[in-house]
Amino acid sequence: MPDSPKHLLLVEDEAPLREAVAEQLGDRGFDVVQADSAELALDALADFAFDIVVTDLRLPGMDGTRVIEAAVDRYPDIIGIVITGYGTVKDAVEVIKRGAADFVTKPFQFDELWHALQGAIEQRRLRTENAWLREQLQQRFSFEGIVGRSRAMRDLFQVLQTVASAASTILITGETGTGKEVVARAIHHASPRRAQRFVAINCSAIPENLLEAELFGHARGAFTGAIANRQGRIEQAHRGTLFLDEVGTMSMALQMKLLRVLQEREFERVGESQTIKVDVRVIAATNADLAKMVAEGTFREDLYYRLHVIPVTLPPLRERKEDVPLLVQHFLQKYCGELGRPVMTVSQPALRCLMAYAWPGNVRQLENAIERAIAMSGSRTQVDVGDLPVDLQGTGESTAKPALDLPAEGLDLHALVAQIEKDMIGRALTRTEQNKGAAARLLGLKRTTLVEKLKRL
Ligand SMILES: Nc1ncnc2c1ncn2[C@@H]1O[C@H](COP(=O)(O)OP(=O)(O)OP(=O)(O)O)[C@@H](O)[C@H]1O
Ligand SMILES: [Mg+2]
């Protein structure tokens with residue numbers, strides 16, 4: 001049953017209890033990742049879309065309430081179960097208000113937890129999406145239509161907020177599809193220039209010989225085909241924002257002229273001698289390494305420093321996969337809305353595939369994948385693994401890696417090693433289609449040793 005919830009995060013600081021519970025859950029087909037503190041649990045949640053989180057309420061350091069809050073906040077459909085001490089039912093009620101599905105009180109029999117779990121899974125199956133929670137997520141983690149919840153993106157929102165109001169030049173760097181253009185537009189819309197124009201020009205899309213006239217405008221007869229006087233993009237952006245996309249592809253000669261615009265805010269149209277003064281804010285973008293181009297002599301150093309006044313770097317999506325669930329939600333809303341259909345949900349296995357993928361085309365590629373998945377899903381209300389592009393399918397089924405950091409409070413090495421062992425054996429067996437001999441070779445073990453270990457697992 002690939003679709004039944006089985007990825008479970010178990011947070012409990014009492015090691016014997018935790019291990020006993022983990023073992024029994026494992027026997028019943030759950031894939032359990034253990035954590036002995038809320039801090040570790042939060043790390044695990046940042047990396048992996050668990051279906052279920054079972055957490056003790058009282059933990060050393062941060063308490064279990066935070067785990068539930070963080071889990072529900074990130075994955076509105078996650079099932080949260082709380083373990084509380086005797087006589088602390090009031091706390092349990094409080095956590096349920098924050099999104100946990102049920103609780104058990106200590107000491108408990110495994111069956112009690114099992115029942116709570118089964119009940120919650122059933123309840124979740126029947127429950128329709130929680131629109132309100134989703135809306136909350138959107139509001140807190142966005143800036144002018146750019147969404148993101150990762151540290152990098154929240155820092156970026158802060159920077160954008162402050163730089164938008166200034167007139168300084170901004171250089172946006174990032175791989176293709178990371179959102180350079182949306183960021184440029186967002187800055188314009190958050191700036192005092194918002195009532196004026198945002199003029200974009202892609203320097204790599206216009207042939208070199210036409211780019212100059214396109215940027216600076218030209219006089220009638222300045223060159224063949226110049227049949228009338230024409231304003232360039234720079235003039236059009238007067239009092240507004242000029243967005244120079246792919247600025248790294250500009251010729252050295254044009255770079256020189258652009259530098260003058262940035263320094264003196266003046267220029268001449270091609271074929272004219274009259275100097276024109278402009279008030280523009282320039283935002284430039286590139287996916288090239290301009291510093292390297294400067295070193296190689298293909299980009300002017302003085303222009304580089306002029307542009308580089310406020311550098312903004314957009315990290316690739318693979319380095320901020322916490323943003324994936326939020327972006328998925330954002331695009332589901334966008335495209336379902338355009339089609340006039342109710343906003344779809346996405347299954348946890350599908351979300352796992354989306355989070356495990358490396359996204360070489362970044363957010364643009366993710367957006368395309370979601371748009372396509374909606375089309376593939378027919379009349380279903382949930383996007384599933386089969387709706388995703390084939391190269392994404394099957395990327396999300398491996399078990400979550402246990403955190404490999406040594407936490408300040410120490411860790412349970414045996415449990416960690418056992419978890420890694422189990423994980424690797426599982427992967428080897430999957431890859432070899434359950435061929436024990438081949439799996440043993442992959443792991444550098446004797447076949448008999450592997451069989452031994454499998455018996456113990
Ligand atoms: N953080 C984000 N939130 C919402 N949408 C985003 C985000 N980042 C990118 N997008 C969307 O992804 C698509 C690609 O973004 P954009 O065109 O800004 O990328 P780019 O960095 O300019 O790419 P390229 O270098 O290929 O021109 C757009 O449709 C944009 O709306
Ligand atoms: Mg772009």
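In the predicted model, strand β4, which spans residues 79-84, runs parallel to β5 and is joined to β5 by 4 bridges, with Thr 84 standing opposite Thr 105 of β5. These strands belong to an open sheet of 5 strands, paired in parallel and arranged in the order β2-β1-β3-β4-β5. The edges of the sheet are formed by β2 (31-35) and β5 (102-105), each of which pairs on one side only, and the twist from one strand to the next averages 20 degrees. Two helices lie across β1 and β2: helix α1 (residues 15-27) runs at about 165 degrees to β2, whereas helix α2 (residues 38-47) runs at about 160 degrees to β1.

Aromatic contacts were examined next. The count comes to 7 aromatic pairs, among them Phe 110 and Trp 114, whose ring centres are 6.1 Å apart and whose planes meet at 25 degrees, so that the pair is classed as stacked. Because Phe 110 and Trp 114 are 4 residues apart in helix α5 (residues 110-126), about one helical turn separates them; Phe 110 and Trp 114 are both buried. A further stacked pair is formed by Phe 198 and Phe 243, at 5.9 Å centre to centre and with 25 degrees between the planes. Since Phe 198 lies in strand β9 (residues 198-202) and Phe 243 in strand β12 (residues 241-245), this pair ties together parts that are 45 residues apart in sequence, and both Phe 198 and Phe 243 are buried.

Phe 110 and Trp 114 also form one aromatic cluster with Phe 30, while Arg 28 lies over the face of Trp 114, at 4.7 Å from the ring centre.

Technical notes: Residues numbered from 1 in each chain as written. Chains lettered and ligands numbered in written order. Predicted model: local features only at pLDDT ≥ 70, side-chain atom pairs only at ≥ 80, totals over all residues. Heavy atoms only, no water. Pairing = 2+ DSSP bridges. Axes fitted to C-alpha atoms, helices over the stretch in contact; angles between N-to-C directions. Contact = heavy atoms within 4.5 Å. Phe/Tyr/Trp six-rings, centres within 6.5 Å; stacked < 30°, edge-to-face > 60°. Buried < 20%, exposed > 50% of the residue type's maximum accessible area, 1.4 Å probe, protein only. Lys NZ or Arg CZ within 6 Å of the ring centre and 35° of its normal.
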